[in-house]
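Biologist: Can you walk me through this one? I'd like to start with the sheet, then go on to the domains and the chains.

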Amino acid sequence: MPTARSTPASNGERIALKSLSRVSMGDFHTGVIDRVRGGARIAALFGQARGDGTARLFAVLADGAAGTLPLLSTDVIKEYPALTPECPQAHGFEREIAEQCGVTPQGHPWLKPIRFHAPVVRGATNFLRVEGEEIHEVAVGPVHAGIIEPGHFRFQCHGENVLHLEVALGYQHRGLERALVGGPNKRTIHYMETLAGDTSVGHATAYCQAVEALTDCQVPARAQALRGVALELERLANHTGDLGALAGDVGYLPAASFCGRIRGDFLNMTVLLCGSRFGRGFVRPGGVGFEVDDTRVAQLLERIEQALRDVTVATHLLWSTSSVRARFENVGTVSRKICNDLGLIGLAARACGVERDVRQEFPFGIYRFFQVPISTFHTGDVFARAYVRWLEIQRSVAFVRDQLKTLPGGSILAEAKSPVASAMVVSLVEGWRGEICHVAMTDEHGKFSHYKIVDPSFHNWIGLAMAMRDQQVSDFPLCNKSFNLSYCGHDL
Amino acid sequence: MLRATLARFQQGYRTIPFPKVEPAMPDRFRGRPAIEREKCPVGCRDCAEACPTNAIMIDNQSLRLDLGRCLFCTDCVEACPEQAIRYTPEFRMSTNKREDLVMTGQTLELAKALANKTRRLFGRSLKLRQVSAGGCNGCEADVNVLNTIVFDLGRFGVQFVASPRHADGLLITGPVTENMKSALQNTYDAVPSPKIVIAVGACAIAGGPYFNHPEVHNGADSILPVDLYVPGCPPHPLTILDGLLRLLGRMETRASLAVSSD
């Protein structure tokens with residue numbers, strides 16, 4: 001069991017920076033690896049450049065069984081022994097540390113830039129290549145065929161068979177984390193809401209929880225319940241849209257058309273709450289920005305029942321059509337072992353039969369009082385990722401219905417003062433893709449000295465690469481859609 | 001098959017009758033903002049200071065509101081001590097020129113149709129290649145939604161195509177990140193002339209929340225000529241559709257609109 005001393009933390013708990021245990025590099029190394037072997041996963045691993053080639057590393061581990069978030073920190077000079085060879089789920093984080101802090105994780109098996117910040121030049125690195133007489137390479141992107149974000153995919157193929165897929169991102173990099181330093185200010189919440197536009201409520205909630213912990217702000221119960229409603233509506237809209245898009249990708253148009261439209265019905269429920277289809281303006285530090293009166297509650301209840309009826313009909317077409325099942329099943333399979341080794345999260349993990357859900361493991365806000373059962377399926381393929389979405393749609397509707405029927409009274413917004421100085425907080429939220437992790441640190445003036453964002457996509461892009469192994473190139477759109485990961489959430 | 005047919009009846013006919021019938025916007029929808037200047041206290045700059053993207057500019061006695069920068073958030077409304085700012089349900093906001101988005105009074109010069117020659121070419125069939133250059137997937141999602149049965153973009157002869165070589169123009173979202181600049185330029189170059197460019201959303205118009213970040217180029221017109229600006233964060237699908245139809249000369253009436261009084 002773990003030996004290295006860690007600082008125990010829980011979701012949304014403020015910690016004084018001086019109480020954060022700083023350990024030797026060796027203890028940091030074994031501390032992270034032992035805990036991951038013991039069943040925890042890396043929620044965040046990041047560095048703060050401190051000049052002169054030195055950096056301070058921080059690890060946030062998520063111990064789901066205990067419901068705690070052990071924190072570890074260490075100082076490194078120029079280089080340190082990489083965690084990745086023994087702990088593969090550190091791979092992306094360590095590439096990021098190398099790029100952001102200029103320290104080298106020695107022994108990292110694939111150390112190349114991850115977002116191509118200046119001064120790194122795009123194209124300055126190679127792709128992993130498979131050699132052989134009949135091997136060919138397929139390059140896709142950054143501009144894709146559909147209306148989606150940019151990214152580059154490089155396939156190593158033998159005929160139609162994919163031996164390896166390398167996902168190269170960074171095209172969406174907007175300098176978001178850098179811009180957050182010195183905040184919070186008037187732009188901060190808008191960065192959060194546009195960090196990944198389809199997860200506006202999720203990221204805004206994670207940010208607000210962090211700020212509320214730093215400001216000792218008690219969010220009213222009514223606001224907590226309404227945030228839960230908005231978060232589940234976001235999940236409902238995206239899951240429904242994804243089921244439609246999956247149907248479209250296998251050429252089954254009835255479900256594609258229906259779900260595309262029903263997704264809009266869920267978005268329009270969010271409009272009813274706050275005037276924005278994406279929940280912009282709803283979640284605010286201290287609570288929510290819009291009161292929801294009884295007429296609105298009644299309207300929402302009526303609309304959600306109708307939408308559930310419609311989406312039930314539409315998705316049952318998927319499950320009962322053999323040509324759809326044939327295309328969904330045994331395609332893009334990720335094993336439970338790979339899922340655990342690579343630290344996949346969210347619905348991609350639950351589709352591998354792994355019970356991983358922040359709402360249950362590290363409950364926040366309203367989920368501390370009302371629980372949403374974890375939905376899993378065991379096959380790890382496209383079908384599982386589709387089916388888990390359907391299970392979650394039903395549970396989210398049940399949750400929203402319960403919340404709306406039992407909305408607590410009282411105010412919707414508490415005053416959030418200035419953040420306290422020299423503190424740190426980890427804030428986790430289960431967004432529709434999975435675990436959203438925000439880590440905020442303040443300086444001696446109560447301003448952000450560092451703000452780390454880990455979008456669920458950061459963990460899961462490698463899952464897509466694994467799902468494509470030994471599949472056909474032509475199955476890529478289907479597999480990609482079954483994960484539906486964020487490019488800008490990764491690139492920040 | 002029978003099941004699918006029954007489902008079709010259950011789901012009903014869902015295409016909206018826009019533009020023939022005026023759509024009813026939800027009560028909290030934030031359309032084109034309206035400012036009652038006569039309510040402003042002398043020297044008050046609260047809205048301008050609250051605005052996250054400096055979309056409101058006050059100098060001397062004049063107030064300008066740049067819809068291209070506006071995120072349609074509630075910060076100015078909440079900051080105003082006199083409730084002089086409100087959002088109207090007006091969703092029509094697209095313009096041909098960047099400067100037309102800067103409102104000084106209550107009117108907005110809405111987009112006009114393309115010149116005769118291009119309009120003859122594209123008026124009944126417009127193929128667009130969408131490029132996201134740093135977009136957050138908000139604008140992308142609400143462009144995509146035009147392809148659903150609700151908006152049924154195809155009935156207007158507008159279609160998104162997979163290759164720039166099949167396209168008549170680009171529809172750009174995002175602030176144009178440095179890392180996407182050359183890909184965007186290459187895509188533009190691959191579209192055969194004559195071609196049009198449409199910038200959708202605050203990011204593609206002026207950089208949105210990311211304006212002046214060294215990692216971005218403050219919008220599409222920093223590198224390409226833009227024919228249509230569609231403001232919003234993200235714009236409502238109807239705002240985008242209205243802009244497209246105006247550009248194609250399908251919305252000839254009501255070229256310029258005063259802010260409705262309700």
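Modeller: A term to begin with: two strands pair if DSSP finds at least two bridges between them. This is a predicted model. In chain A, strands in the order 7-8-9 form an open sheet of three strands with antiparallel pairing.

Biologist: Which strands are at the edges?

Modeller: Strand 7 (135–140) and strand 9 (161–168) of chain A, each of which pairs on one side only.

Biologist: And how are neighbouring strands turned against each other?

Modeller: By 20 degrees on average, with direction ignored.

Biologist: How many bridges between strand 8 and strand 9 of chain A?

Modeller: Seven bridges, in the antiparallel sense; strand 8 of chain A covers residues 152–158.

Biologist: What holds strands together in general?

Modeller: Strands of a sheet pair through backbone hydrogen bonds, and the pairing is either parallel or antiparallel.

Biologist: OK, domains. What does the assignment give for chain A?

Modeller: Domain 1 (14–106) and domain 2 (176–491). The C-alpha centres of these two domains of chain A are 26 Å apart. Their contact takes 19 residues from domain 1 of chain A and 23 residues from domain 2 of chain A.

Biologist: Which strands supply the domain 1 side?

Modeller: Strand 1 (14–16) and strand 2 (41–49) of chain A supply at least two residues each. The largest share, six residues, comes from strand 2 of chain A. By class, that side of domain 1 of chain A has 11 nonpolar, five polar and three charged residues.

Biologist: Back to strand 2. Is Leu45(A) buried or exposed?

Modeller: Leu45(A), which lies in strand 2 of chain A, counts as buried because it has 23 C-beta neighbours inside 10 Å, and the cut-off for buried is 20 or more.

Biologist: What is Leu45(A) in contact with, leaving aside neighbours within four places in sequence?

Modeller: Ala59(A), Ala90(A) and Phe93(A). Phe58(A) is 13 residues from Leu45(A) in sequence, and the two are 5.7 Å apart in space, C-alpha to C-alpha.

Biologist: Last topic, the two chains. How many residues does the contact take from each?

Modeller: It takes 51 residues from chain B and 47 residues from chain A.

Biologist: Which elements give two or more residues on the chain B side?

Modeller: Helix 1 (2–11), strand 7 (126–132), helix 5 (138–144) and helix 6 (178–190) of chain B.

Biologist: And the classes on that side of chain B?

Modeller: The chain B residues touching chain A divide into 26 nonpolar, 16 polar and nine charged.

Key: Residues are numbered from 1 along each chain as its sequence is written. Chains are lettered from A and ligands numbered from 1 in the order in which they are written. This is a predicted model: local features need pLDDT of at least 70, side-chain atom pairs count only at pLDDT 80 or more; totals for chains, interfaces and linings use all residues. Domain bounds come from an automatic or database domain assignment. Two residues are in contact if their C-beta atoms, placed from the backbone, lie within 7 Å. Helices (H or I, at least four residues) and strands (E, at least two) are DSSP runs, numbered from the N terminus. Ala, Val, Leu, Ile, Met, Phe, Trp, Tyr, Cys and Pro count as nonpolar, Asp, Glu, Lys and Arg as charged, and the others, Gly among them, as polar. Axes are lines fitted to C-alpha atoms, for helices over the stretch in contact, and angles run from 0 to 180 degrees between N-to-C directions. A residue is buried if 20 or more other C-beta atoms lie within 10 Å of its own, exposed if 12 or fewer, and partly exposed in between; C-beta atoms are placed from the backbone.
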